[in-house]
Amino acid sequence: MMEPLSENLDIVLAASCFLVVCWLLFKRLSFSPLANLRGPPSSSLIFGNVMELQHQEDAGELEYKWISQYGEACKISGAFGQELLMLADPKALHHIVQASGYRYPKPSDTNQSIRLIMGRGIFWASGDDHKRHKKVMNPAFDINRLRSFLPLFQSSAQMLARKWKGEIDRNGGLIDVTTWISRLMLDNIGEAAFEHKFNAVDAGGVGELSEAFNNLFAESLLFPDKGTVFFISLWRFIPPSILRYVEYLPARQVRRFRQFLKVSKQAAKNLINYRASNRDCEDENKDILSLLVRSNSSVDPKRRLDEDELLSQMATIMLAGHDSTAMSLSWLLYDLARNPEDQKRVREEVLAMKAQSPTPDCLGVNDFEAMTFTNAVIKETLRLHPIAFMLPRIANQDDIIPLASPITTKSGERISEIPIREGQSIYMAVYTYNRLKHVWGDDADRWNPGRFLSDTKDKDKEYTMGMFANLLTFSGGVRGCLGWRFAILELQATLVGLIQHFEFSPPPGIDIQGAPAGSMIPVIRGRAKEGTQLPLRISVLTPDDGGES
Ligand code: HEM
């Protein structure tokens with residue numbers, strides 16, 4: 001039977017597009033300045049190394065292996081013959097993140113994914129638009145403003161401690177810390193961002209917004225199938241003005257993201273409307289949303305955020321400020337569970353600080369800063385478990401990337417800079433940079449918080465990297481994490497609030513892996529399909545055990 005004409009036409013069109021794309025790629029690749037770089041062989045003509053990277057068991061380990069083998073700057077293959085420059089070299093990363101301003105934006109396909117999840121907020125904006133967003137956002141992340149959230153973080157931790165004491169009696173001490181910590185961080189960000197009480201710890205995570213967050217990344221980005229990778233890999237060939245329409249596709253991931261964005265924007269809108277009709281109280285509102293609304297109305301009207309940008313900002317803050325800290329704190333408790341001596345040392349430091357404080361139940365920011373070992377364990381967890389284990393970028397002009405450690409090319413030449421062309425895709429290997437031996441010491445791939453104590457300095461910190469402790473975990477430069485101080489204060493307050501009441505140990509027979517779901521999420525090894533979880537055995541400390549009852 002004859003195929004309908006329109007169907008034949010579709011096939012012809014698709015095939016022609018494909019041939020044009022192949023031809024363009026061939027033209028580009030035949031003159032590639034990366035041609036002489038070493039790197040792993042491409043394992044698929046269509047997918048290059050992408051499937052291996054997205055299906056690796058422990059996020060970041062494959063990059064670590066390749067960089068150990070081919071050097072801190074090497075070449076990997078993207079889909080449809082794309083060449084990616086993978087970098088862990090400190091000087092190269094410093095050049096991109098710190099020294100180049102807006103010359104290395106996020107690639108258009110990454111930006112489209114961000115737009116799907118968080119809308120047109122600061123995470124998505126680029127170039128001059130990003131400057132506009134940042135100007136409005138900055139006052140809300142002022143250090144003194146953030147300090148005012150400390151009592152909130154402390155009371156949330158106390159609430160969780162009370163809740164866990166009840167849970168431990170009920171289920172023999174085995175608790176999925178990720179679920180609970182996620183609820184706690186949701187309560188914190190809800191209150192800090194909107195002055196909105198989710199009561200997620202108390203009510204057990206019910207409610208539309210709580211549910212929209214639940215397992216968002218595990219359900220949508222973990223171990224994608226070939227069809228999904230194929231589809232998303234085509235995005236970089238589509239102009240952004242057309243690409244934005246993917247948000248209307250009925251695919252499962254897209255639906256999940258759309259639902260989250262819709263629910264969080266609606267929550268922000270309801271609050272703005274409520275505040276508008278209760279203007280008397282406006283000056284008393286110190287939450288991030290109120291500050292944003294005020295900051296927005298005080299900038300030049302031409303550079304103001306429109307309503308959709310403002311609402312997207314809240315989706316951005318809710319997601320960026322909740323999931324990342326929840327995962328980081330879960331990893332921190334896991335690391336301490338596996339290192340009981342260090343756990344004990346943190347607890348002793350906390351109890352000693354409380355003993356000398358006139359207000360032991362509400363330690364201040366300076367008290368937290370003075371707890372050197374507690375801060376060292378936080379840094380060590382952020383080093384070993386960077387939630388954003390890779391960061392993609394694209395060069396928006398020709399450039400020469402300098403290297404701290406020269407690399408050997410395929411022809412045996414030693415080079416200490418790499419010329420690149422406009423449009424070159426970059427893969428910043430955050431996980432590997434955080435584990436480089438010449439930066440962090442010979443034991444860089446192992447847990448050792450002592451490396452962050454001042455008397456055991458490591459060698460090569462020549463190239464300043466990120467916002468905190470020279471780690472790349474919060475990225476850096478103009479696109480560095482806006483909420484890093486918020487995150488550190490929240491991690492300090494929550495850790496201090498929990499460690500004085502509980503002892504954490506790993507449950508026997510359960511191994512945890514950091515799965516690559518856009519970010520590095522903890523799952524039980526071999527049971528990733530069950531979603532994000534990190535069960536720990538938790539016991540309540542009594543004064544006799546050295547804890548607080
Ligand atoms: C441990 C916790 C956190 C980690 C590891 C983290 C990591 C990062 C990273 C790597 C980026 C850059 C992403 C990129 O360039 O593609 C980023 C950006 C951002 N983060 Fe965080 N973050 C954390 C907590 C927070 C918190 C608590 C907030 C807000 C309350 C926040 C708000 C933001 C915002 C608004 C941006 C976008 C900045 C811009 O594009 O200019 N983050 N974060």
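Strand β8 (residues 502–505) has a covered face formed by F502 and F504, whereas E503 and S505 make up its uncovered face. β8 pairs with strand β11 (residues 535–540) in the antiparallel sense over four bridges, where pairing requires that DSSP finds at least two bridges between the strands; within β11, S539 stands opposite E503. The model is predicted, so local features need pLDDT of at least 70 and side-chain atom pairs pLDDT 80 or more, while totals for chains, interfaces and linings use all residues. Residues are numbered from 1 along each chain as its sequence is written, and side-chain values use heavy atoms, without hydrogens and water.

| Helix pair | Axes come within | Crossing angle |
|---|---|---|
| α8 (residues 150–171) and α9 (residues 177–194) | 10 Å | roughly 150° |
| α9 and α24 (residues 484–499) | 12 Å | roughly 130° |

α8 and α9 are therefore roughly antiparallel to each other, a term for angles over 145 degrees. Their contact (heavy atoms within 4.5 Å) involves, among others, L152, F153 and W164 of α8 and W180 and I181 of α9, and its residues divide into ten nonpolar, two polar and three charged.

α9 passes α24 in a right-handed crossing. The contact is made by I181, L184, M185, N188, I189 and A192 of α9 together with F486, E490, T494 and L498 of α24, comprising seven nonpolar, two polar and one charged.

How values were computed: Axes fitted to C-alpha atoms, helices over the stretch in contact; angles between N-to-C directions. Helix = DSSP H or I, 4+ residues; strand = E, 2+ residues; numbered from the N terminus. Parallel < 35°, antiparallel > 145°, perpendicular 65-115°, else oblique. Nonpolar A, V, L, I, M, F, W, Y, C, P; charged D, E, K, R; others polar. Buried < 20%, exposed > 50% of the residue type's maximum accessible area, 1.4 Å probe, protein only. Left-handed = near helix turned anticlockwise from the far one by under 90°.
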